[in-house]
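Visitor: I would like to learn how to read a structure such as this one, step by step. Could we look at it together?

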Amino acid sequence: MQSKDSRPGKRVLALTLNGRRREDAVADNELLVDYLREVAGLTGVKTGCDGGECGACTVLIDGEAALSCLTLAARCEGKSVETIEGLATQGRLGRLQRAFHEKLGTQCGYCTPGMILAAEALLRRNPDPSEHEIRTALAGNLCRCTGYVKIVESVRAAAASAAEAAL
Amino acid sequence: MTAPLDLRETERWRVPLIDGIDKVTGRARYTADLDHADALVGRILRSPVSHAEIVRVDVVAACALDGVVAIVTGEDCAQTYGVLPVAMNEYPLARGRVRYRGEPIAAVAAIDAETAARALELIELELRELPAYYTSEAARAPDAVRLHDNKPGNLEREVHHTFGDVAEGFAAADLVREANFSCAEVNHAQIEPHATLAEYDPLTGRLTVQSVSQVGYYLHLMLARCLGMDASRIRVIKPFIGGGFGSRVEVLNFELANALLARAAGGKVLMRLSREENFLTHRARPQTDMRLKLGMRKDGRITACECEVTQRGGAYAGYGIVTILYAGALLHGIYDIPAVKYDGYRVYSNLPPCGAMRGHGAVDSRHAFECLMDRMARELKLDPFAVRRTNMLRAPTRTPNDLMVNSCGLAECLDRVEQASGWRERIGRLPRGRGLGLACSHYVSGAAKPIHWTGEPHAVVNLRLDFDGAVTALTGAADIGQGSSTMVAIAVAETLGVPLDRVRVVSADSAITPKDNGAYSSRITFMVGNAAIDAAKHLKSRLAAAAARKLEARSEDVECAGDMFFVGSGEQSRLAFSEVVKAVLAEEGPVTVKGSFTCPPEAQGGKHRGGAVGSTMGFSYAAQVVEVSVDEELGKINVEKVWVALDCGRAINPLAVEGQIEGSVWMGMGQALSEETRYAEGLPLHASLLEYRVPTMAESPPIEAHIVESRDPFGPFGAKEASEGALAGFAPALTNAVANAIGLDLDELPLTPDRVMESLIERRRKARREAARAGAS
């Protein structure tokens with residue numbers, strides 16, 4: 001049993017969160033998901049399982065999709081972390097947010113933030129993914145509502161809209 | 001009843017969810033996201049054994065722990081609860097006995113999660129173990145200990161229904177076949193884990209609960225009952241909900257335990273369940289054994305059906321009686337069968353209680369029926385489509401068990417998937433290992449007789465119009481992701497002739513919205529949709545009267561479209577919506593109107609015991625073709641594509657209907673291919689999303705959804721349900737496709753590689769034995 005003395009130490013974590021520098025005291029054993037939700041108040045980050053099973057807590061760390069429930073907050077020192085709250089800028093939805101909204105890539109919405117961030121990581125490294133590439137890249141994100149059909153459509157639409165905007 | 005309004009144009013309403021932006025931006029607040037900065041953490045102590053008498057629960061040491069604010073046990077609530085008024089046999093926290101591993105015994109509220117966890121360890125339990133039963137057969141053994149004293153043989157309910165002359169039916173058949181089927185228990189696995197936030201104010205004696213409920217009204221009733229509070233002192237609010245699928249229709253033990261904690265602590269308590277605890281809470285589709293016998297004439301016409309269903313229901317009643325009744329009642333309502341005998345057995349066992357899950361009660365018996373029907377068609381060298389066309393119901397009609405069928409688009413569903421899948425060109429011409437299979441299914445658009453039968457209307461919607469010109473729809477209907485609030489907004493906007501963004505929907509807050517029976521049995525579109533149209537008609541007539549006075553016209557000549565009121569062609573005499581609002585308010589102040597919907601008595605089922613179950617104003621119908629490839633070396637089935645057509649009467653929002661069809665077919669696929677719960681001596685081996693295998697995106701096929709519109713005479717704009725009807729068809733269509741691909745009839749779900757391999761090996765053994773016998777002779 002843990003006594004008060006054996007409580008983990010704390011340190012100051014400095015990171016960039018959704019484009020803004022910030023510093024917070026975090027416990028050594030604090031998970032990124034708990035830091036984001038409970039300290040930073042970013043409740044768009046969801047928990048759907050008991051650790052690494054569902055993908056709902058996916059965030060971007062230095063542009064790569066990562067499970068915030070399996071990441072220690074302290075490991076993000078000096079890194080850039082992005083959550084769903086950071087994707088809409090200046091009153092405009094991000095390309096994936098718009099596509100998921102318009103194409104009904106979201107039903108209950110619970111897996112949506114993690115799904116969109118996993119897709120965002122995919123589109124940043126592969127702007128024009130095939131259906132197979134989408135299905136493989138997002139296979140770690142479970143959705144129980146859509147049967148994934150409209151999620152795949154949403155990601156394709158977002159990729160197409162980005163390509164169009166680049167012309 | 002007057003003829004329903006029709007939609008002016010459907011494509012106009014192919015719209016995203018009205019709360020979709022909240023969901024894609026992360027702004028949507030689910031229960032665990034609500035402000036809980038000052039809340040205590042609630043945790044539950046669960047039974048470590050499957051069946052035992054509770055000798056002692058000692059919380060003295062736990063209470064003494066610094067940071068523990070409240071502990072409640074079975075001593076704190078002597079009231080049972082449950083979803084069916086006739087079968088409330090469960091306590092929020094066990095009293096006297098525990099009947100499954102994981103059953104809540106005590107709950108703790110503490111200043112943080114670590115303290116709550118330590119407190120749970122300090123609670124001393126003394127249990128005297130009893131024999132435990134994990135299969136229906138073991139629980140029904142003559143010498144088995146009763147789980148509930150009033151239920152001999154551990155039978156919660158047996159059902160024996162016969163309609164028509166079954167003996168005569170079988171005598172008239174050219175082919176009679178019987179087969180056994182078994183379907184594993186499955187779980188909803190909604191992605192949002194259960195959570196509940198309760199706040200008790202000791203100064204005012206009021207309780208506010210925000211929870212994941214699909215039916216806030218049931219939760220409200222059970223909170224009042226179990227806390228012994230006047231219902232008027234309770235407020236139940238539904239935040240955003242991350243899926244339900246039936247898991248949250250019943251009031252759940254943790255919701256009541258957490259409210260007990262909040263009252264004991266005199267404050268606010270947030271309880272979040274782990275994924276493992278979600279599986280322990282369960283309330284999903286039971287493990288089911290079926291024996292099915294069908295009689296068929298040479299032309300494919302079914303002459304008789306005899307079906308025996310045994311459901312392993314778990315430790316408490318829950319929805320069980322309704323589930324076992326549905327399994328029999330919905331053998332009817334899709335095909336014209338002259339004689340049906342049904343025997344159903346709902347059995348108690350020492351496992352987490354089962355409950356309602358999408359396609360409630362009907363899925364497993366539909367699976368057995370569609371599989372056996374297909375096998376018999378094959379034996380008679382009949383085409384699977386032809387057999388179904390020969391037998392399908394023609395509307396309007398009443399079934400032998402007295403269910404009303406007002407519209408049926410199954411014929412068109414069959415045509416659509418036959419063409420889309422290229423069935424006629426491809427069937428019988430596919431390479432070995434590749435196959436096509438067909439199945440049909442149906443489901444109710446809301447139970448025509450609700451469980452809590454009070455005589456009230458089945459649905460009520462209020463509309464408010466105030467100086468700002470916003471039309472606010474107040475509905476108790478719980479949007480759980482299916483888009484019901486969007487449906488209400490469309491129904492109101494379409495009826496009034498205003499743009500969608502003029503309508504705002506406020507839903508599921510007992511302090512504000514009218515009571516609603518909730519999100520279950522696909523009732524909302526049909527019932528709440530009709531109530532919303534009714535309310536909008538009332539509001540429209542008030543607005544039209546005011547506009548008529550301004551325009552000096554008769555109110556019946558006034559129309560509204562595109563946010564304008566006008567007479568005739570409207571060129572000279574037009575009034576903007578905002579001007580009409582001013583005119584109405586000048587006369588009577590802010591306006592509130594009410595709309596309602598009631599299912600007439602003739603829709604509420606037969607007079608036989610249990611006859612209300614299955615009754616509905618409108619059945620949805622679906623046909624689907626599944627294409628598979630089967631790897632005979634690995635026993636692995638790959639679903640290549642699904643073509644599905646659903647008759648939803650009328651698609652109020654085609655985008656949302658497609659989403660529901662795709663999602664329900666896919667959920668059927670999970671049950672058919674990979675999902676199953678497994679227990680070792682009552683210990684769940686499946687209690688994570690890694691062990692409980694929900695299909696991932698990589699394993700999921702393209703699903704081509706077709707919408708068929710039969711225009712139901714009573715549905716809102718002719719609509720029926722769209723969320724459940726297609727689910728039950730997937731598993732039999734898959735099983736039939738596997739038979740087509742490798743010539744193997746499989747009787748057990750899910751069709752996991754080990755089950756497929758076992759059948760393949762058995763077939764090879766049998767072939768070898770026969771070859772040896774032939775050689776010897």
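Visitor: Which strands form the open sheet in chain B, and in what order?

Guide: This is a predicted model, in which local features need pLDDT of at least 70 and side-chain atom pairs count only at pLDDT 80 or more, while totals for chains, interfaces and linings use all residues. Residues are numbered from 1 along each chain as its sequence is written, and chains are lettered from A and ligands numbered from 1 in the order in which they are written. Strands (E, at least two residues) and helices (H or I, at least four) are DSSP runs, numbered from the N terminus, and two strands pair if DSSP finds at least two bridges between them. Here six strands of chain B form an open sheet in the order β7-β15-β14-β13-β8-β31, with mixed pairing. Its edge strands, β7 (155–163) and β31 (748–749) of chain B, each pair on one side only.

Visitor: How many bridges join β14 to β15 of chain B, and what packs on this sheet?

Guide: Strand β14 (residues 302–314) and strand β15 (residues 340–348) of chain B run parallel and are joined by nine bridges; one of the pairings to look for is B:V309 with its bridge partner B:G344 in β15(B). To read the packing, note that two residues are in contact if their C-beta atoms, placed from the backbone, lie within 7 Å, and that axes are lines fitted to C-alpha atoms, for helices over the stretch in contact, with angles from 0 to 180 degrees between N-to-C directions. Helix α9 (residues 320–329) of chain B packs on the sheet, where it touches β7, β14 and β15 of chain B, and its direction makes about 25° with that of β7(B).

Visitor: How should I read the overall form of chain B, and why does its radius of gyration agree with that of a compact globule?

Guide: The radius of gyration is taken over C-alpha atoms, and the globule rule is 2.2 Å times the number of residues to the power 0.38. For 777 residues a compact globule would have a value near 28 Å, so the 27 Å of chain B agrees with it. The C-alpha trace of chain B spans about 100 × 75 × 50 Å along its principal axes, and the chain has 19 helices and 31 strands.

Visitor: What share of chain B is buried?

Guide: A residue is buried if 20 or more other C-beta atoms, placed from the backbone, lie within 10 Å of its own, exposed if 12 or fewer do, and partly exposed in between. In chain B, 60% of the 777 residues count as buried.

Visitor: Where do the two domains of chain A lie in its numbering, and how many residues do they bring into contact?

Guide: Domain bounds come from an automatic or database domain assignment, which for chain A gives domain 1 (9–86) and domain 2 (95–166). Their C-alpha centres lie 22 Å apart, and 15 residues of domain 1 of chain A are in contact with 13 residues of domain 2 of chain A. On the domain 1 side, β3 (58–61) and β4 (64–67) of chain A each supply at least two residues, and β3(A) gives the most, with three.

Visitor: How many residues of each chain are in contact with the other?

Guide: In this case 41 residues of chain A are in contact with 44 residues of chain B. The largest share of the chain A side, four residues, comes from α2(A).
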